[in-house]
Amino acid sequence: MKIEKWKVSEVKANPNNPRVIKDDKFKKLVKSILDFPEMLELRPIVVNNDGIVLGGNMRLKACKEAGLKEVPVIKAEDLTEDQQKEFIIKDNVGFGEWDWADLASNWDAEELTEWGLDGIGFDVNQDELDTEFSLPDGDKAPFQQMTFTLADEQAVQIQNAIADIKLTDEYKFAETMGNENSNGNAIYLIVMQWAEQRK
């Protein structure tokens with residue numbers, strides 16, 4: 001598949017795109033395109049035979065906002081309708097997790113925020129609390145995803161504490177209660193140690 005240059009007006013936004021970027025995050029996306037337009041060449045917009053976006057809907061919107069007249073496009077031909085739907089979802093799924101200790105030690109926090117990485121801070125999202133996730137055997141286990149906003153200095157201290165406690169024997173043999181998120185387990189252990197000291 002070759003990359004082609006299309007007029008922005010020729011690329012059709014996908015009305016059924018389930019992924020959106022709003023407000024400040026969208027502004028950051030527009031700014032990133034203006035600051036680093038070469039990124040578009042490395043990650044072109046993917047369209048189907050009808051010119052409808054399969055991957056890059058928000059990038060297309062940001063390109064329009066940035067005033068670009070042309071965008072790099074890859075045409076994904078010969079995909080069935082089901083494959084197109086699958087592509088839309090898989091293109092937007094984020095696998096893996098950030099190594100916060102590495103980011104704190106080897107990257108500039110201000111640059112990371114400027115580039116759109118908001119995970120250094122966490123905002124508690126009540127809608128995400130009390131969510132139940134299905135386990136492979138069909139049973140339900142409650143897990144809560146919490147986010148908090150932190151100042152850069154706070155984030156570095158917390159990330160260092162998480163990295164440190166993961167090196168201890170106590171962390172290695174701690175009860176995880178079925179939680180596979182290593183950072184969550186580390187934070188829980190830190191809080192439990194704090195609670196024990198307060199007794």
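Asn17 touches Asn57, Met58, Ile88 and Asn92, leaving aside residues up to four places away in sequence; contact here means heavy atoms within 4.5 Å. Asn17 is found in the loop between β1 and α1. Helices (H or I, at least four residues) and strands (E, at least two) are DSSP runs, numbered from the N terminus. Asn17 is buried, with a relative accessible area of 18%. Buried means under 20% relative accessible area, exposed means over 50%, and partly exposed lies in between, with a 1.4 Å probe and protein chains only.

Before I continue, a word on the source. This is a predicted model, in which local features need pLDDT of at least 70 and side-chain atom pairs count only at pLDDT 80 or more, while totals for chains, interfaces and linings use all residues. Residues are numbered from 1 along each chain as its sequence is written, and side-chain values use heavy atoms, with hydrogens and water left out.

Let me turn to the chain as a whole. Its secondary structure comes to nine helices and six strands. Of the 199 residues in the chain, buried residues make up 26%. Among contacts with a separation of 6 or more, 69% are accounted for by residues 24 or more positions apart.

Lys12 is partly exposed, with a relative accessible area of 45%. Not counting residues up to four places away in sequence, Lys12 touches Asp50, Gly51, Ile52, Val53 and Leu60. Lys12 and Gly51 are 39 residues apart in sequence, yet 5.8 Å apart in space, C-alpha to C-alpha.

Which residues have the most contacts inside the largest nonpolar core? They are Val11, Ile33, Ile45, Val47, Val71 and Val73, in a core of 18 residues. The elements that give two or more residues to this core are α1 (23–35), β2 (45–47), α3 (57–65) and β4 (70–75). A nonpolar core is a set of buried Ala, Val, Leu, Ile, Met, Phe, Trp, Tyr and Cys residues joined through side-chain atoms within 4.5 Å. Ile33 touches Leu40, Arg59, Ala62, Cys63, Ala66 and Leu68, again not counting residues up to four places away in sequence. A second, separate core has five residues, among them Ile165, Tyr171, Ala186 and Leu189.

Just after α3, Gly67 takes a positive phi of about 85°.

Next, the charged pairs. Side chains of opposite charge can pair when their charged atoms come close. A salt bridge is a side-chain nitrogen of Lys or Arg within 4 Å of a carboxyl oxygen of Asp or Glu. How many salt bridges does a search of the whole structure find? It finds five.

One of them joins Glu41 and Lys5, with the closest N and O atoms 3.3 Å apart. Glu41 lies in helix α2 (residues 38–42) and Lys5 in strand β1 (residues 3–7), so this pair ties together parts that are 36 residues apart in sequence. Glu41 is partly exposed at 37% relative accessible area, and Lys5 is partly exposed at 49%.

Another salt bridge is formed by the side chains of Lys90 and Glu86, at 2.6 Å from N to O. Both residues lie in helix α4 (residues 81–92), four residues apart, about one turn of the helix. An α-helix has 3.6 residues a turn, so residues three or four places apart point the same way. Lys90 counts as exposed at 53% relative accessibility, whereas Glu86 is partly exposed at 41%. A further salt bridge links Glu196 and Lys199 (3.4 Å, N to O), and Lys199 counts as exposed at 78% relative accessibility.

Finally, I return to helix α4. Glu86 and Leu54 are 32 residues apart in sequence and 9.5 Å apart in space, C-alpha to C-alpha. Which element gives the largest share of the lining of the second largest pocket? That share, five residues, comes from α4.
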